[in-house]
Amino acid sequence: MVDAGVVCLLLFVSTHCYQSDGFSTHANVEPNPVLWPLPQEYSLGTLSVSLSSSFKFVNTGVSSPLLSSAFSRYEQIIRTQNKKTCASGSGSTEPGFCVLSVSVASADENSLQLDDDEEYTLFVDEMEGMLKASTVFGALRGLETFSQLFVDCELKGLPAKIHDWPRFSHRGLLLDTSRHFF
């Protein structure tokens, strides 16, 4: 009979210490930033930088109304973090993170389906970043991860290289056991 503690230890080691393609599945910086859900492959550095007052998202791929509204929403989320206003002063010449270039290959915004590609790659250094995705839905997932790199009005874990995709094609399953016993 196998001891339950050994099984738990093996599960922990197998899920937290796997490496592939030069990416690390564990962070080099703890506890900031905390990325949730944990990306499939990522590498975080130890540097941090503040947000420039001239920060903006730049769309270098196809245009999309859904993506444009996401830019506005995430800029607001990033600039007003933890009820603080980050880099709102105009005319400031202090350097900081300036631009995130977002490149999306397909502007198809039809409802999200089971087989849609939500994969994205995010590269961020001290001055700028680049987010590449095949679909708008992948770009939305990348924008969420990018926003999580901001902690207390600073972009943490630089340089960052993140490549992520959904682990499962389904979103979830709810079994209502209150009325139907299985």
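**Note on salt bridges and model confidence**

1. Glu75 is partly exposed, with a relative accessible area of 25%; the classes used here are buried under 20% relative accessible area, exposed over 50% and partly exposed in between (1.4 Å probe, protein chains only). Its salt-bridge partner is Arg79, at an N to O distance of 3.1 Å. Arg79 counts as buried, at 14% relative accessibility. Because the two residues are four positions apart in helix 2 (residues 65–79), about one helical turn separates Arg79 and Glu75.

2. The model is predicted: local features need pLDDT of at least 70, side-chain atom pairs count only at pLDDT 80 or more, and totals for chains, interfaces and linings use all residues. Residues are numbered from 1 along each chain as its sequence is written, and side-chain values use heavy atoms, with hydrogens and water left out.

3. Three salt bridges are found in a search of the whole structure, a salt bridge being a side-chain nitrogen of Lys or Arg within 4 Å of a carboxyl oxygen of Asp or Glu. The pair Arg141 and Glu118 has its closest N and O atoms 2.7 Å apart. Arg141 belongs to helix 3 (residues 136–148) and Glu118 to the loop between strand 4 (97–104) and strand 5 (120–124), so this pair ties together parts that are 23 residues apart in sequence. Glu118 is buried at 8% relative accessibility, whereas Arg141 is partly exposed at 29%.

4. Glu154 and Lys156 form a salt bridge as well, with 3.4 Å between the closest N and O atoms. Glu154 is partly exposed at 29% relative accessibility, and Lys156 is also partly exposed, at 21%.

5. Three helices and eight strands make up the secondary structure of the protein; these are DSSP runs numbered from the N terminus (helices H or I, at least four residues; strands E, at least two). Their order along the sequence is α-β-β-β-α-β-β-β-α-β-β. Of the 182 residues, 36% count as buried. Among contacts (heavy atoms within 4.5 Å) with a separation of 6 or more, 74% join residues 24 or more positions apart.

6. The mean pLDDT (the predictor's confidence in each residue, from 0 to 100) is 80 for the protein, and 75% of the residues score at least 70. Confidence is highest in strand 5, at a mean of 97, and lowest in strand 1 (residues 19–20), at 44. Residues 9–31 have pLDDT below 50, and this stretch has 27 contacts in the model beyond near neighbours in sequence.
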